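Colleague: Hello! Could you take a close look at one part of this protein for me, starting from a single pair of residues and working outwards?

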Amino acid sequence: MLSTDFVPGAPNWLDLGAPDTDAAVSFYSATFGWQFQSAGPQGGGYGFFVQDDKTVAGLGPLTEAGASPAWTLYFHTPDADATAKAVEQAGGTVRVAPDDVFSFGRMGQFTDPAGADFAVWQPGDTKGVDLVSKPNSLTWAELYTTDAAGAKDFYRAVFSWQTADMDMGPDMTYTVLTPAGGTEENSHGGLMQLPQENLDRGSRPEWHPYFEVADPDATLARATEAGGTVIIPAADAEGIGRLAMLLDPSGAPFAIIKSATPESS
């Protein structure tokens, strides 16, 4: 699971692009108990979800034409410009070229060859979020893709991730992702092939976050009362935990989990 050590390749930031940031604050405050702090007049409407005075995520208005509401996962890089070159060489697209965010860090946003968006954060004054793998904070990053084999090759080329395949039953493989040089304890995410039935329902390649929660059923109840939609009801996964997936009121997907063995940050 994640820690705030933020080794290269590990998720170190995430933010939500929302069509109505006030509505997003209302929903996630009701669901997770988060508070919101504006980045100020220079932030362009951007701000931070916080819990116990610790930043757990960012929030901002949609800025790209035609963009859909979504959570964006950022992965640690020591050199955002070098990562941008690696993305292009591996067949991905640079959506937003690396640029400095004041003195906080340097960021770039990309799209992998199958169409899933992601980003990188090169730390400056801000190393990343302040809290992970604790209740109501990021604990896992998961990619649904139309080309699992290609995704493994792409992200290995860009981040040098280690991959380990797990057999999940007939015609289903889950690939666990670990930063270069890490062990199973350092795994930060996974990827899997989108089933055809999901594609038939209009699913597209995407990264989405898992948030650790103390009680998935109670969290789902709060989320649905606040206007969220359950995609996958809460269910137990042996050795993993109890998890569920849902959409916020604007349609941004995310998941929740009570891990079987949550790690300390």
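Which residue in β4 is the bridge partner of G47?

Modeller: Happy to! The bridge partner of G47 in β4 is L59. Before building on that, please keep in mind that this is a predicted model, in which local features need pLDDT of at least 70 and side-chain atom pairs count only at pLDDT 80 or more, while totals for chains, interfaces and linings use all residues. Residues are numbered from 1 along each chain as its sequence is written, and side-chain values use heavy atoms, with hydrogens and water left out.

The bridge joins strand β3 (residues 47-51) to strand β4 (residues 54-61), which run antiparallel and share five bridges. Strands here are DSSP runs of E with at least two residues, helices are runs of H or I with at least four, and both are numbered from the N terminus. Two strands pair if DSSP finds at least two bridges between them. Strands of a sheet pair through backbone hydrogen bonds, either parallel or antiparallel.

Let's follow α1 itself. This helix covers residues 21-32, and its 12 residues reach 16 Å from first C-alpha to last, close to the 16 Å expected at 1.5 Å a residue (the expected span is 1.5 Å times one less than the number of residues). A24, V25, F27, Y28, T31 and F32 of α1 are buried, where buried means under 20% relative accessible area, exposed over 50% and partly exposed in between, with a 1.4 Å probe and protein chains only. At the start of α1, a side-chain oxygen of D20 comes within 3.1 Å of the backbone nitrogen of D22. After α1 comes G33, with a positive phi near 80 degrees.

Helix α2 (residues 80-89) also belongs in this picture. Its buried residues are A80, T83, A84, A86 and V87. They lie on the same side of α2 because they cover an arc of only 160 degrees around the axis, the arc being that of the directions from the helix axis to the C-beta atoms. The buried residues of α2 pack against β6 (93-101), β7 (105-111), β8 (117-123) and α3 (148-159). Turned away from that buried side is a face with the exposed residues K85 and Q89. D79 caps the N-terminal end of α2, with a side-chain oxygen 3.1 Å from the backbone nitrogen of D81. Following α2 is G91, whose phi is positive, near 100 degrees.

Terms used: Contact = heavy atoms within 4.5 Å. Polar contact = N/O pair within 3.5 Å; in protein donor to acceptor, adjacent residues only side chain to side chain.
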